[in-house]
Amino acid sequence: MKFTKANGLRGEVTIPGDKSISHRSVMIGSLAQGDTEIRRFLQGADCLSTIDCFRNMGIEIENRGETVIVHGKGLHGLQKPECVLDCGNSGTTTRLISGILAAQDFTVTLTGDASIQKRPMKRIITPLSGMGANIRSIPDNGCAPLEIKGSRLHGIHYLSPVASAQVKSAILLAGLYAEGETRVTEPQLSRNHTELMLSHFGADVRTEGTTAVIQPARELTAHSITVPGDISSAAYFIAAGILVPGSEILLKDVGINPTRAGILEVCRMMGANLEILNRRGESEPSADILVRSCSLHGTEIGGAIIPTLIDELPMIAAMACFADGTTVIRDAAELKVKESNRIEGMVRSLSAMGADVTETEDGMIIHGGRPLHGAVIDSRLDHRIAMTFAVTACCAEGKTEIKGAECVNISYPDFYQDLERLKQS
């Protein structure tokens, strides 16, 4: 797929529903008693994998497009699937569902695509095993496919070496079934969608600093959910509105949960012109974001802010190429174990476009201000990489070709159409 320079982007975009919240609404809705109506559900491939997995365990799920209805059967209502559960490209599905399956009364095999079968699963195998789970990597390499034999679990206090919402969530979901209290302490606070949703459904869960605490549950009660727009998807239009001269974009109803909204802080640090309008919501706050084109300057990004913008770092790295001065991204080694090695991939592709960017052990150093030109970009079937370079191409001379561009279907099927519409406004 080929992209060219844009002369200005103007208009409104309603961002699709948050991927993380869409996943969790199906999972927790399936474990609740009663019907959970999910409005603005993200119809991306990853979230559809979660629906398929729970359907295969006997949960009736009506998919009516933006509205999904989950007919939950309670904490002990899942049935042994007649097939291997295929999580597709979804690390969220694979890791979170493992915590649930660890406590069931049946054995199941989890698998996924080639990317999932390379992603580290020892990070959940270790704590779940510590709770009494019988879970193993079938190829014995710490990766999927996983075999999970349901077991009786007990609570633990797990000191996580990484700030990972997927690790934390897998443990908390297992903690619903465990005997005694379960605690997870992280080095920094990761996104807290699981804690908020479990509390909404009646679980006894609380947060103490960077520690999440959950008590075993007798039952969860179904509730309706309206999913806010995904700030990770909004990030590409935030960047486009800033970088492309003559642009003004209004992004409607975007989730601004503080554990996810680090990109807004980084944009401010870099001098961006953006406004937060019409704030609403409580447990999962949302707002409209108005962004206008402006010049940027370099900054340093690291420490506690990293978990709040880990998925946005590829786009932030590209933004830094157009900023005056130097930007340093550190403490982001987690980027190496995403859908692709996003540090190496971003450095390689930005360099191919003429950027001055250096890979470090846990991030990048970017010297901005150099003009970029078109190049052939290998997305490595990583949706974040593909969307990042579609935006970058809007600011580069010549044509940019993105191989495997269709991988955006994982999280934002209409991304290219929305971007093109802003060009034509």
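How many aromatic pairs does a search of the whole structure find? It finds six. Keep in mind that this is a predicted model.

I will start with one of those pairs, Phe237 and Phe415. Their rings sit 5.4 Å apart, centre to centre, with 50° between the planes, and the pair is classed as tilted. Phe237 belongs to helix α7, residues 231-243, and Phe415 to helix α12, residues 415-424, so the pair ties together parts that are 178 residues apart in sequence. Both of these residues are buried.

Phe415 also pairs with Tyr412. This one is edge-to-face, at 5.5 Å centre to centre and 65° between the planes. Tyr412 counts as buried because its relative accessible area is 0%, under the 20% cut-off. Ring pairs join Phe3, Tyr236, Phe237, Tyr412, Phe415 and Tyr416 into a cluster.

Next, two helices. The axes of α1, residues 19-31, and α6, residues 193-200, come within 10 Å and cross at roughly 40°. The crossing is right-handed. On the α1 side the contact involves Ser20, Ile21, Arg24, Ser25 and Ile28; on the α6 side, His193, Thr194, Met197 and Leu198. By class, that contact has four nonpolar, four polar and one charged residues.

Last, helix α4, residues 122-130. Which of its residues are buried? They are Arg123, Ile124, Ile125, Pro127 and Leu128. Just after α4 comes Gly132, with a positive phi of about 105°.

Terms used
Residues numbered from 1 in each chain as written. Predicted model: local features only at pLDDT ≥ 70, side-chain atom pairs only at ≥ 80, totals over all residues. Heavy atoms only, no water. Buried < 20%, exposed > 50% of the residue type's maximum accessible area, 1.4 Å probe, protein only. Helix = DSSP H or I, 4+ residues; strand = E, 2+ residues; numbered from the N terminus. Axes fitted to C-alpha atoms, helices over the stretch in contact; angles between N-to-C directions. Left-handed = near helix turned anticlockwise from the far one by under 90°. Contact = heavy atoms within 4.5 Å. Nonpolar A, V, L, I, M, F, W, Y, C, P; charged D, E, K, R; others polar. Phe/Tyr/Trp six-rings, centres within 6.5 Å; stacked < 30°, edge-to-face > 60°.
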